[in-house]
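Colleague: Hey, I've just opened this one and I'm new to it. Could you walk me through?

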There are 2 protein chains.
Amino acid sequence: MSSIKYSVAAMERLCRDVFEKFGFTKEEAAQITDVLLLADLYGVKSHGVQRLIRYHKSIENGCVRLDAKPEVVFETPVSAVIDGHSGMGQLTSAFAMKKAMEKARSVGMAFVTVRNSNHYGIAGYYTKMACDAGLIGLCVTNSESIMVHTGARKAILGSNPIAFAMPAEPCPFWFDAATTVVPRGKLEVYRKENRALGDGWAVDEEGAPCNDAERVLGCIDKKKGGGILPVGGKSESSGSHKGYGFSMMCELLCAITSGGATSNHHVRAKGQGSGTCHAFIVIDPAIFGDAQALKDHLSTFLQELRDAGRADENVPIYTHGEKEMLSFAERMKNGIDVDISTVAEMIDTCNYLGLDYRSYLGDVDVSQAKPSFYNNAYKQ
Amino acid sequence: MSSIKYSVAAMERLCRDVFEKFGFTKEEAAQITDVLLLADLYGVKSHGVQRLIRYHKSIENGCVRLDAKPEVVFETPVSAVIDGHSGMGQLTSAFAMKKAMEKARSVGMAFVTVRNSNHYGIAGYYTKMACDAGLIGLCVTNSESIMVHTGARKAILGSNPIAFAMPAEPCPFWFDAATTVVPRGKLEVYRKENRALGDGWAVDEEGAPCNDAERVLGCIDKKKGGGILPVGGKSESSGSHKGYGFSMMCELLCAITSGGATSNHHVRAKGQGSGTCHAFIVIDPAIFGDAQALKDHLSTFLQELRDAGRADENVPIYTHGEKEMLSFAERMKNGIDVDISTVAEMIDTCNYLGLDYRSYLGDVDVSQAKPSFYNNAYKQ
């Protein structure tokens, strides 16, 4: 599928203007944009500007409440439970992570859990906040039901990513991965690009292997059964129960601790928040002694991993976060590839808001774009 | 391979007498035995009494120091760093988990990290300690290098299990899984049973797929390259980098926080401790409000997972810990299957210590046993 390269500045201006026009403050729009663009800059295309249409529809349908403010409903020196009141996930989450960081700086470690939020972008944005401040960050979220757990034919669990970051040189350890084999966003990208899904990624409503992104996404959205498999695949001999277990840890850490909705009780209906839950755990490395010594120790270890001898001489060994830093540098310089279907969705969003899309996107031919899935994604 | 069924009481008496004879106190021997037997009772054969010979050799070769006492070298209200001084992993770890539980009860959550320990049995023993007390427990360890990370041909990371437990009814959530596709112990069992390894489990020193347990274990022990793959297998498209990332989280949480040895710096040599590191994180559910409400919420959710519709009508859907509780009940009643090679190793251990093996094992024919790998496992 064809794509157009845009400068980071152009995408930033578009996203900020879109979210301001929706009614967010200048600061709020900047925060949401920052999360979206980090995904594209890090090469996590699935969670970048291609999701703009999803946020547009969520706001249009009243699933995201524009005026919601996160409320701390329970608190101890090491913890907080926050009700997001169906606000924008990125805003509630930045608030929650800041609170976890403050508490961790004060008492050494902290656990802030959130209920009644919405999709928050890449989990790793929030662990990066901690890591940039010299702290260890762990962040998880649940999502709509998408994972078919070991032995089942119906999706109950979400894609449930785990993100973990810890300072190191020349590049931090920055890990962010769905506990499914692939995240939903990757299926969305494959659908837009008309590509067949990888083997062992998904099953249809009968529980049979399926490589058709459109069909699997349809199963998920209509809750017909079927969905994406856990990392480890379909059988216990390849570790299916492990991916299922990691996904469970996410649900327990965010939905059970917050008293919120587990993934199977999330909602996608007009006027209702999704019920998404998140958790933010922050640890000050100084609780183990000398924070600089920990950083040096980790930096040495990461280099040993890179130097472990390549399986293929032409393919470097990466530590987590390295590819993202390389991608960041390249895209800041050369811009972001946006596929034509996403450009068409951006035009829809601009038109909906009365913004002149040409001032951001130029004169573009989107006749090859696929119809946007999100036009029909919300139940009445 | 043939096996013999022994009562739990017989195995308990054997293990306690063995460890007392080695020089541990009655209480210490009981603690070590408790960890070993829980593995067999939970059906985790790889980490049960089949490892007795490994502990025997570790003690005989001075890798485990009998008189070592764990020392708290750094401490805050939420944390402790413990030096195990190469003592028995089970003793250092029970001490560390108790400390984490005490701190969590006092301040809400706690993180105790351990360096210079040795193999500690199943990670889930320690999270069970927390869970039995109504707390949320997370425990990780590193191990000798065994995992070939994404893109590499040499093992740097350990099998690095993650265990997580949280109270629920009628059975807790109890998850304990190596971040490799399978743990080393499973390869040991397959070698004893002359079975071919599953596809996608391991690679040889050339990085080529390998189904021969003897060869892969040889590669690992001689550090020739090769080893076990991360959960997610060999390529990024099946999620190899995810298993690699979960394994990294273990190293960071235990070896980096404790200032201890990462898996690639572990030692197996006479007179030296292995350098194994562990981490114990405990959270009091009361820091989120009503602990009973959390437990009820989780219990409901676990039931929803069991009721999700079976992929195969004849195969139940399990939540993590359920199989283990069923196994526990069955084995407490009917006893534990011990394969004949393990029985032969137990006879060696009894003979070494001057214990009459017949009083525990009866008159047995072990002529079909394979020679014990551990007789030559330690470098001079």
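Modeller: A definition to start: two strands pair if DSSP finds at least two bridges between them. Helices (H or I, at least four residues) and strands (E, at least two) are DSSP runs, numbered from the N terminus. This is a predicted model, where local features need pLDDT of at least 70, side-chain atom pairs count only at pLDDT 80 or more, and totals for chains, interfaces and linings use all residues. Residues are numbered from 1 along each chain as its sequence is written, while chains are lettered from A and ligands numbered from 1 in the order in which they are written.

Colleague: Okay. How many bridges pair β5(B) with β12, and in which sense?

Modeller: Strand β5(B), residues 136-141, pairs with β12(B), residues 276-283, over six bridges, in the antiparallel sense. In that pairing, Thr141(B) sits opposite His278(B).

Colleague: And how many bridges join β5(B) to β8?

Modeller: Four, again antiparallel, with β8(B) covering residues 162-166. Here Val140(B) faces Ile162(B).

Colleague: Is β5(B) covered or open?

Modeller: Mostly covered, with six of its six residues buried. Buried means 20 or more other C-beta atoms within 10 Å of a residue's own; 12 or fewer is exposed, in between is partly exposed, and C-beta atoms are placed from the backbone. Ile136(B), Leu138(B) and Val140(B) are buried on one side, and Gly137(B), Cys139(B) and Thr141(B) on the other.

Colleague: What's the order of strands in the sheet?

Modeller: In chain B, seven strands form an open sheet in the order β2-β3-β4-β12-β5-β8-β9, with mixed pairing. β2(B) (71-76) and β9(B) (173-177) are at the edges with a single partner strand each, so one side of each has no neighbour in the sheet. Neighbouring strands are turned by 10° against each other on average, direction ignored. Axes are lines fitted to C-alpha atoms, for helices over the stretch in contact, and angles run from 0 to 180 degrees between N-to-C directions.

Colleague: How does β9(B) join β8(B)?

Modeller: Through five bridges, running antiparallel. Ile162(B) is opposite Ala177(B) there. Helix α5(B) packs on this sheet, touching β5, β8, β9 and β12 of chain B, and its direction makes about 160° with that of β5(B). Contact means two C-beta atoms, placed from the backbone, within 7 Å.

Colleague: Why does Asp132(B) count as exposed?

Modeller: Asp132(B) lies in α5(B), residues 123-132. Asp132(B) counts as exposed because it has 12 C-beta neighbours inside 10 Å.

Colleague: New topic: which residues have the most contacts inside the largest nonpolar core?

Modeller: Met109(A), Val282(A), Met109(B) and Val282(B), in a core of 253 residues. A nonpolar core is a set of buried Ala, Val, Leu, Ile, Met, Phe, Trp, Tyr and Cys residues joined through C-beta atoms within 7 Å. Beyond its neighbours within four places in sequence, Val282(B) is in contact with residues including Met109(B), Leu135(B) and Ile136(B).
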